[in-house]
Amino acid sequence: MPVQYEGVIPEHRAVRSDAGAFDVSHMGELIVEGKGAREFLQSVLSNDVERLEPGLAQYTLLTNERGGIVDDLIVYELAPERFLLIVNAANREADFDWLHEREPDDAKVRDVSDDHALIAVQGPRALERLGLPAAPAFTFAEGEIAGVVCTVNRTGYTGEEGVELLVAPEAAGELWDHVLERGVVPCGLGARDTLRLEVCYPLHGNDISPETDAISAGLGWVCALDTGFTGAEVLRRIKESGPEQKLSAFVMEEAAIPRQGMPILEGGEVTSGSHSPMLERGIGLGYVLAELAQPETELTIDVRGRNRRARVVKKPIYSREER
Amino acid sequence: MAAAESYPDDLRYHPEHDWARVEGGEATLGVTWFAQDALGELVHFEAPEEGATLTKDQAYAEVESVKAVSDVIAPLSGEVLEVNRAVADAPETVNEDPYGEGWLVRVRLTDPGEAAALMDAAAYKQHLAEEG
């Protein structure tokens, strides 16, 4: 996947106004199966696996003993004893190792990444262009696009309606061509990043990591603390006492583009920053002291030695209603 | 709309992909088509102050696309007489017209003789071919 095809900004706008396609085949796919698969996943994933049934998917976290985030992923129940995990490319091996070391006798994890390609088609006209009916988010079903068989996942990373198409690698090129023939704009990693940042979806490795916890990251909503998953007790304590820092969204009040690693003078650091093509200004995410996490709080970003004003905003930074 | 690739003959070029249009003791400065194409659509121009001093071969401004920030190198030494506010307000002007509306600053040259060290269009194109 290139950084861009025609340009980050036109690609970004195509996804917000029409439809864009992303070749995200680099993402990892793991299968967890066996009689004990559900119970095993319930013990290692933060969300409540019991709420799944075949055809349903769920955003969830793989957590460590400190409540840190090993990875964020989507788990799909393929069959009662078989689950698919679509994980971040960079964490594919770490996730596999983590699960493999902990798997019980009656559950087995397999890395099947090489057996799958993944094409995301996102935007308000994505379904129309693909000729797909509407369906609830976080569901999936077998389907076909122009004769190419694929699994149609109602998921995405852009904040727009759309699908992620799981397809055999040998059919991926044909599917990609069909998608583009229908007027969907090919999009690169650059637009993928600006789109997810506008809607405040965290990026593992930037905004969340094994060193950051789910509560401080604002991901308490995917933590079913009662299920007793790894690190749940630590997270419960953080939740009860209130996190010291919170992952906050901000927009620049002055012309400047925040970037990952820039200091926030009031305390903290930018974890993701870029230019918002929809707001046409700099936006970012960063951990700040909880008392500074309130919307309207002024922050100062050190942009290569220049102090530039920013303002904390409610997440998401951009939402469809603001069009 | 991005401009088509070109390197006008009336400009002098710096290897860091900057151009200068020298007119007597003054010059207008900007970045080349190659520079704006490499960066992609510009979304921020961090301009120097008017009156600031530029030193040949040193950074005097930054241009930034969605994905990257880049220093702008002074092809000549001088004092900033004027900053192109149109580019500060609409940085994509540089992509649309890098040698015209997309100029960055106008300077009073400290040493007009420095221009002799810059490349002409043919030499710059050769430089691009060798770099590429």
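Me: In which sense do β12(A) and strand β14 of chain A pair?
Reply: This is a predicted model. Strand β14 covers residues 281–289 of chain A, and 7 bridges link it to β12(A). One bridge sets A:Ala249 against A:Leu285 in β14(A). The sense of the pairing is antiparallel.

Me: How many bridges join β12(A) to strand β16 of chain A?
Reply: Strand β16 spans residues 306–313, and its run against β12(A) is antiparallel. In β16(A), A:Ala249 has A:Val313 as its bridge partner. The number of bridges between β12(A) and β16(A) is 4.

Me: How many of the 8 residues of strand β12 of chain A are buried?
Reply: A residue counts as buried under 20% relative accessible area. Strand β12 runs over residues 245–252 and is mostly covered. The buried count is 6.

Me: Is A:Arg196 buried or exposed?
Reply: A:Arg196 sits in helix α6 of chain A, residues 189–198. The cut-off for buried is under 20% relative accessible area. A:Arg196 has 1% relative accessibility, so it counts as buried.

Me: Which residues is A:Arg196 in contact with, leaving aside its neighbours within four places in sequence?
Reply: The contacts fall at several places along chain A. A:Tyr157 is one of them, and A:Ser272 is another.

Me: Which residue with positive phi follows α6(A)?
Reply: The phi value is near 65°. The residue is A:Cys200.

Me: What is the strand order in the open sheet of 6 strands in chain A?
Reply: The pairing in this sheet is mixed. Its edge strands are β8 (140–145) and β11 (185–187), each pairing on one side only. Neighbouring strands are turned by 30° against each other on average, direction ignored. The order is β8-β9-β10-β7-β1-β11.

Me: Which residue in β11(A) does A:Gly20 stand opposite?
Reply: Strand β1 of chain A, residues 20–23, runs parallel to β11(A). They are joined by 3 bridges. Opposite A:Gly20 stands A:Val185.

Me: Which strands stand at the edges of the open sheet of 5 strands in chain A?
Reply: The strand order is β3-β4-β5-β2-β6, with antiparallel pairing. The twist averages 30° from one strand to the next. Each edge strand has a single partner, so one side of each is left without a neighbour in the sheet; the two are β3 (57–63) and β6 (108–111) of chain A.

Me: Which residue in β5(A) does A:Tyr76 stand opposite?
Reply: Strand β4 covers residues 69–79 of chain A, and strand β5 covers residues 82–87. They run antiparallel, with 5 bridges between them. The residue opposite A:Tyr76 is A:Leu84.

Me: What angle does the direction of helix α3 of chain A make with that of β6(A)?
Reply: Helix α3 (residues 92–102) packs on the sheet. It touches β2 (28–33), β3, β4, β5 and β6 of chain A. The angle with β6(A) is about 165°.

Me: Which residues touch the most other members of the largest nonpolar core?
Reply: In soluble globular proteins, nonpolar side chains tend to be buried together. Here the largest core has 48 residues. A second, separate core of 25 residues includes B:Val63, B:Leu76, B:Val83 and B:Leu104. In the largest core, the answer is A:Phe22, A:Leu61, A:Leu219 and A:Leu235.

Me: What is the radius of gyration of chain B?
Reply: Chain B has 4 helices and 9 strands. Its C-alpha trace spans about 35 × 35 × 20 Å along the principal axes. The globule rule gives 14 Å for 132 residues, and the chain comes close to that, so it is as compact as a globular protein of that length; its radius of gyration is 13 Å.

Key: Residues are numbered from 1 along each chain as its sequence is written. Chains are lettered from A and ligands numbered from 1 in the order in which they are written. This is a predicted model: local features need pLDDT of at least 70, side-chain atom pairs count only at pLDDT 80 or more; totals for chains, interfaces and linings use all residues. Side-chain values use heavy atoms; hydrogens and water are left out. Two strands pair if DSSP finds at least two bridges between them. Axes are lines fitted to C-alpha atoms, for helices over the stretch in contact, and angles run from 0 to 180 degrees between N-to-C directions. The radius of gyration is taken over C-alpha atoms; the globule rule is 2.2 Å times the number of residues to the power 0.38. Buried means under 20% relative accessible area, exposed over 50%, partly exposed in between (1.4 Å probe, protein chains only). Contact means heavy atoms within 4.5 Å. A nonpolar core is a set of buried Ala, Val, Leu, Ile, Met, Phe, Trp, Tyr and Cys residues joined through side-chain atoms within 4.5 Å.
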